[in-house]
Number of protein chains: 2
Amino acid sequence: MLKPQHLLTLRAVVRTGSFVIAARDLGYTASAISQQISALEKETGLVLFEREAHGIRATAAAHRLVDLSVPVLAAMDDLGHQVHELATGATGRLRLGSFPTASVRLVPAALSALTATHPRAQIRLEEGEPDELVDALNDGDLDVALVYEYGLSPRQWPDGMARHHLVREDLVLLRPRGSGLSSRLAGLSRTRWITSSEGTAGALSLTRLCAAAGVEAAVAFRSNNYDVVRELVSAGLGVAIVPGLGHSPGDSTGDAVEATRLAQRSAFRRVMALHRSENSNPLLGTMIRSLRSAVPAEDPYVHPAQDEQTA
Amino acid sequence: MLKPQHLLTLRAVVRTGSFVIAARDLGYTASAISQQISALEKETGLVLFEREAHGIRATAAAHRLVDLSVPVLAAMDDLGHQVHELATGATGRLRLGSFPTASVRLVPAALSALTATHPRAQIRLEEGEPDELVDALNDGDLDVALVYEYGLSPRQWPDGMARHHLVREDLVLLRPRGSGLSSRLAGLSRTRWITSSEGTAGALSLTRLCAAAGVEAAVAFRSNNYDVVRELVSAGLGVAIVPGLGHSPGDSTGDAVEATRLAQRSAFRRVMALHRSENSNPLLGTMIRSLRSAVPAEDPYVHPAQDEQTA
DNA sequence: CCGCAGGGCAAGTGATGCTTATGCTGCTCG
DNA sequence: CGAGCAGCATAAGCATCACTTGCCCTGCGG
């Protein structure tokens, strides 16, 4: 197998016309050059230089070989660059899964942060609920997934998954402004509730919260889209409990909705990035950092997580 | 510097999905594969395989790297083939110089022999007299030259030249058939002579031969083209002395010209191939062999040289 | 004629890269 | 459920490689 280094050396020698100069250029000793060229001659079966008393003369075969080497060396060089880009994540692909709220509240800012430093990275976004996303992770269909976990219905994540906590959100009670409804759960026994689909962790949390407060939540409307939920609340159709990212200051419904943080200790939701711990995609770290940087800092109901990581 | 062998190994591992199988395919031990892959991972900074309990799983980066390697490996392979062709002379260039008679009598057959075995070789033919050809050899403008030397005017060839004797030609006296002229030089004192240009070795040889025979050669016509000389003889315009290759049986003038071998010991001409002894063009040997094979075997005045070589 | 520049060659040495041997893990089959 | 085993990692040993140092040879040029 012809060694690329020998081709580089040959090129230098042919260009400079001297072993000594080529050696200086390449940081070798003249003897090393001599031996490399000898090896190359032996390996190719070509006589590359005519040795003369004072110096050498490149053979036609040497010039020919230099020319023939150009594509090889170019390809090698190109490969080197592309590998470096791959290794640093400058190029490369990452498949991100996210649940809807995060897609809206976190992902856009994260992606713009990421593309600022990795403009040629290819990010593919897939939306789904945590269960689906975890399956996709396990199947290797996703590199990283944004998932959540309610304090009141903690989840068990599969083995081999690394977790990166991003946000701890307070759960917030939303009431139509001026409705006169209580801000405490115990006083909301006769109210209509709006929550997410049956069986979701959000709906389950509502049930448990109300049960703990001694009331039963009468669910009138269900939607997994917190924008819809807020609109329903602002239209006076009921009250709701949403996590912090589901109701941020500056929301269009801000004026018509009254928000109150729930005081209960476990009234929170955590958002975390999940990925298989064996996954070594070089963009992983960058993506998680970008997601961290995308967490709103000024939101009273949203608390960026410390740089904790659990495997 | 990324080693091509590692890329080949990577490809084998990715294709087979196993270190063990790849090792068997490549004739290595599984451990060697493991170490090669480790080295490659270290060098590229990429994680190429996820190690699992039973086997490995190729990372996206591994597949990517295999794809990126394709041009490099293809270029290497191509280079290998081209180098082999260069080394065996299958391709490659050779510049041959020749004097006119040899161009006609030797070169065509030699070239057809050579192209039979080296169909893609590029041969360039340059015509000239020995002095010009030797200069061209020295300047590196020719790889090999066909030159001649008369027994009566031996030449001194420059240092550093390798000689390959090809032919020893008898010198032949040509008379018009039925002219009644003597076949011995001593009896040709009043005849008109036809010979080559003044100062050429051929003309000089004639002078010396005649001087030795005690006659003076009256030169009436000069031509360096033996075809022309023979035509002049056959037209009855004089007699001539030509080397064997200048008058072969089957020549169109055969019937009208009477040929007699000169008996003098030094009445011969030698044709030899000359090249700089440092010249390592792989086609050199082939060309000289081809020239040898091109020497007419049945010609009574032409004697193939033994495989002698003098440096 | 001697100094010197350029290259070849030999010996020494550290790095490389293979092998053999052993360890580790988790699957598979009795 | 446990033993065997398949597959890879790692350690140790060893041969080879490849570079350096040091010396030689050659031919030019003062």
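This is a predicted model: local features need pLDDT of at least 70, side-chain atom pairs count only at pLDDT 80 or more; totals for chains, interfaces and linings use all residues.
Sorted by class, the surface near DNA strand C comprises 10 polar, eight nonpolar and two charged residues.

The surroundings of DNA strand D can be described in the same terms. Here α3(A) gives the most to the surface, with five residues. The elements that each supply at least two residues near DNA strand D are α3 (30-44) of chain A and, from chain B, α2 (19-26), α3 (30-44) and β2 (55-58). DNA strand D is surrounded by 21 residues, and the closest are A:T29, A:A32 and A:A53 together with B:S31 and B:S34. The surface near DNA strand D has 11 polar, eight nonpolar and two charged residues.

Within chain B, α2(B) also packs against helix α1 (residues 4-16), at an angle of about 125° and with the axes 8 Å apart. Because of this angle, α1(B) counts as oblique to α2(B). The crossing of α1(B) past α2(B) is right-handed. On the side of α1(B), the contact is made by B:T9, B:A12, B:V13 and B:T16, while α2(B) contributes B:F19, B:I21, B:A22, B:D25 and B:L26. By class, this contact between α1(B) and α2(B) has six nonpolar, two polar and one charged residues.

Definitions and conventions
Residues are numbered from 1 along each chain as its sequence is written. Chains are lettered from A and ligands numbered from 1 in the order in which they are written. A residue is near a molecule or strand if its C-beta atom, placed from the backbone, lies within 6 Å of it. Helices (H or I, at least four residues) and strands (E, at least two) are DSSP runs, numbered from the N terminus. Ala, Val, Leu, Ile, Met, Phe, Trp, Tyr, Cys and Pro count as nonpolar, Asp, Glu, Lys and Arg as charged, and the others, Gly among them, as polar. Axes are lines fitted to C-alpha atoms, for helices over the stretch in contact, and angles run from 0 to 180 degrees between N-to-C directions. Angles under 35 degrees count as roughly parallel, over 145 as roughly antiparallel, 65 to 115 as roughly perpendicular and the rest as oblique. A crossing is left-handed if the near helix is turned anticlockwise from the far one by less than a right angle, and right-handed if clockwise. Two residues are in contact if their C-beta atoms, placed from the backbone, lie within 7 Å.
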